[in-house]
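Q: Got a model open here. Can you walk me through the fold?

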Amino acid sequence: MTAEGSAGEPGALPAAHWDIPRTYDAEHPPTWLLRALRPPSRALLRRRWDIRVHGAEHVPATGPAIIASNHIGLLDGPLLAGFAPRPVHALTKKEMFDGHTGAFLKAVGQIPLARYDADPAAIKSCLRVLRDGGVVAIYPEGTRGEGLMRHVHTGAAYLALVTGAPVVPLVMFGTRDPGGHVDSVPARGARFDFVYGAPVYWEAQPWPRTQAEVRRTTAELRNRFVEHLVEATATTGRELPGPLPQITDKDVREARGVSRRTQS
């Protein structure tokens, strides 16, 4: 079976789907369109930017895996979907799942996430993918920013403790220019570096998993990610873009489409 093959497709359900939280009734996000679009999208994106992938061998060729990435720019999601060594189902903010964009995201198997509330449906979708042997991608920081993993959420650690799936740290460089705003896109010819690190393994913990266990594992994962960031910086000679510019009232008005003429 190749890395681009059918691993992760639902079939006869593994016994793990009946473990708590049960996922035998959860829907496996579709994968066929995602796999079909990856080769042409990579070719198209490489015509515009210089895209380099380092350490892809750290992503297991088969079986469940969790890719935990920093999040610095608007392009992170599409680039991860296109250039990850295997097709990934990424947790994506629920606000993106409206209209045509939302229909496309669903068709390529991405998973909507309510970022500010508990979201059992998103967790069950991720567990379904992992228990079927697929790959989940998650941004532990929760939103775009500096990409330094100063603060991380517990989702990746929880998924690892439930399933025993390895967590592969990923550092992205270049997808936002220094000083660029949250939705900025680097100019044509810009170089992007995606650096995967050695996977981190935790044994699956039976239910009930305590909050203390999840918090401890989250701290360990953050420490590993910071170590990998140092390694990735040395490997590529790249630096992260720094903090996002402070949002002003003018930025908010422009984002809402309020012109000078309509201002009182």
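A: First, terms: helices (H or I, at least four residues) and strands (E, at least two) are DSSP runs, numbered from the N terminus. The model is predicted, so local features need pLDDT of at least 70 and side-chain atom pairs count only at pLDDT 80 or more, while totals for chains, interfaces and linings use all residues. Residues are numbered from 1 along each chain as its sequence is written, and side-chain values use heavy atoms, with hydrogens and water left out.

Q: In what order do the elements run from the N terminus on?

A: The order is α-β-β-α-β-α-β-α-β-α-β-β-α-α. That covers seven helices and seven strands.

Q: What is the strand order in the sheet?

A: E1-E7-E6-E2-E5-E3-E4, in an open sheet with mixed pairing. Two strands pair if DSSP finds at least two bridges between them.

Q: Which are the edge strands?

A: E1 (50-54) and E4 (111-113), each pairing on one side only.

Q: How do E2 and E5 run, parallel or antiparallel?

A: Parallel, with four bridges joining E2 (residues 65-69) to E5 (residues 135-138).

Q: Now helices. Which strands does H4 lie across?

A: Helix H4 (residues 120-131) lies across E2, E3 (89-93), E4 and E5. The helix runs at about 150° to E4. Axes are lines fitted to C-alpha atoms, for helices over the stretch in contact (heavy atoms within 4.5 Å), and angles run from 0 to 180 degrees between N-to-C directions.

Q: Switching topic: how much of the chain is buried?

A: 45% of the 264 residues. Buried means under 20% relative accessible area, with a 1.4 Å probe and protein chains only.

How values were computed: Buried means under 20% relative accessible area, exposed over 50%, partly exposed in between (1.4 Å probe, protein chains only).
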